[in-house]
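Please look at the sequence and the model first.

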Amino acid sequence: MSLRKRLGRSLAEAWFDYAPKPLEPETIRKAVVFIPKSIGDGMAVFPVIRALQARSLEWLGIVASARNAAVFEPLQGDGVELFVIPRDRDYRQVRQTARSIRQRCGRVDLCVDATLAASSPAIHFVGTLKARMNLQLSSSTMRAYAPLCNEVTTELPTTPLPGSWSRLMARAGIADVPARYELPIAAEVEEEVIALTADLGRYVAFNLDGSIPERSIPLDQARRLSSILHRSSQLPVVIPCAPGGEPKALELAATMPDVHVVPTARTVPHSAAIIKHAELLVSPDTAAIHMASAFDRPTLGIYLAEPSFWQPLATHSRTVTASSLPLLDDQAFEQALTELLALRATPEPAEGKADS
């Protein structure tokens, strides 16, 4: 971070900081979770949401970004309200959202800042909302956050993220909840995907693209890996994709009879449903890996560095690493896949399914 940015952040922290009340979990009636980040961040924070729901709150607000709002949409109603900030760097919108919550709900009892970094959006939101108590895992030095947060933050680099959130909720005396990713899927979306994949029978899911270009598998490499995946599993390969990845997925399917693109909407819940009902997932993107973890689907994760708190949490998983995706060793990929398939110990598919 440049000196100018550090100075600007320090000034913002000084301007927005304030003295909170002592942490008293039994007094929490209204709470806000601030998560204007990516899909994975949203899925990882469910231990916070479930812990707060365990206290039978009067009201829970979830402030999300346009990128991860779909993760929380099924929670709306029954005391849960969703707020979406289109751009988290639009500080005016961030502050306006905080002011709107204060005007409607009065003094909020607890704000959980789930941004994982001492970010400017979080500084603006927390300092404008001025909840009675605040929790975070960002290592922020603002006195607005409860001191006990630092005890959990020191273990963050070696603990899967849902585990850190679960530990923080328990340490704060809010509730002891499982450490897991979640992504609720509307029943109609799941039923649609099940119907559209019924003719394929059992299948494996192969996610091609990540949130940044460096985590996206080139088409030629996707052909090689799809061949290995189909040959090793003897199952059809289904490509879950976002709108931007659809052209590459369709081109791959057009040249490979064992690769399929489900003709459904290109939304986060639809991709999650495809992954939920797959025999296993292969992905270079952690968002898809977290979806597999949420539904405990066997996972082969392709990473550009050794995974830390973004590692797969499925019961059965393997990972392979490469300095860049084009340099991924096909033999290492196939070996990891073979090990994963052995872990699953799934019976051979019925005759004819592999050629569907």
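A salt bridge here is a side-chain nitrogen of Lys or Arg within 4 Å of a carboxyl oxygen of Asp or Glu. E279 forms one with R202, with the closest N and O atoms 3.3 Å apart. The model is predicted: local features need pLDDT of at least 70, side-chain atom pairs count only at pLDDT 80 or more, and totals for chains, interfaces and linings use all residues. Residues are numbered from 1 along each chain as its sequence is written, and side-chain values use heavy atoms, with hydrogens and water left out.

**Salt bridges**

- The count comes to 15 salt bridges by this rule.
- D109 pairs with R132, the closest N and O atoms being 3.0 Å apart.
- D109 sits in the loop between α5 (91-105) and β4 (110-113), and R132 in the loop between α6 (120-129) and β5 (133-136), so the pair ties together parts 23 residues apart in sequence.
- Helices (H or I, at least four residues) and strands (E, at least two) are DSSP runs, numbered from the N terminus.
- Both D109 and R132 are buried; buried means under 20% relative accessible area, exposed over 50%, and partly exposed in between (1.4 Å probe, protein chains only).
- E279 is buried at 14% relative accessible area, while R202 is partly exposed at 23%.
- E334 and R231 meet in a salt bridge at 3.1 Å, N to O.
- E334 lies in helix α14 (residues 330-344) and R231 in helix α10, so this pair ties together parts 103 residues apart in sequence.
- E334 is partly exposed, with a relative accessible area of 26%.
- R231 is partly exposed too, at 45%.

**The sheet and strand β10**

- An open sheet of 6 strands runs in the order β8-β7-β6-β9-β10-β11, with parallel pairing.
- Its edge strands are β8 (259-260) and β11, each pairing on one side only.
- Two strands pair if DSSP finds at least two bridges between them.
- Strand β9 (residues 281-283) is joined to β10 by 3 bridges, and S283 has G301 as its bridge partner in β10.
- On to strand β11 (residues 317-321), β10 has 5 bridges, again parallel; L300 stands opposite R318 there.
- Strand β10 (residues 299-303) is mostly covered, with 5 of its 5 residues buried.
- T299, G301 and Y303 are buried on one side of β10, and L300 and I302 on the other.
- β9, helix α13 (residues 286-294) and β10 make a right-handed β-α-β unit: with the strands pointing away from the viewer, the path from the first strand over the helix to the second runs clockwise.

- D285 is found in the loop between β9 and α13.
- D285 is buried yet has no salt bridge; R215, the nearest side chain of opposite charge, is 4.5 Å away.
- For charge, Lys and Arg count as positive and Asp and Glu as negative; His and the chain ends are not counted.
- A polar atom of the D285 side chain lies 3.3 Å from the backbone nitrogen of A287.
- Leaving aside neighbours within four places in sequence, D285 is in contact (heavy atoms within 4.5 Å) with N207, D209, G210, S211 and R215.

**S233 in α10**

- S233 is found in helix α10 (residues 219-233) and counts as buried at 10% relative accessibility.
- The S233 side chain reaches the backbone oxygen of L229 at 2.7 Å and the backbone nitrogen of L235 at 3.2 Å.
- Leaving aside neighbours within four places in sequence, S233 is in contact with V204 and L341.

Terms used
A polar contact is a pair of N or O atoms within 3.5 Å; within protein, one must be able to donate a hydrogen and the other to accept it, and residues adjacent in sequence count only if both atoms are side-chain atoms.
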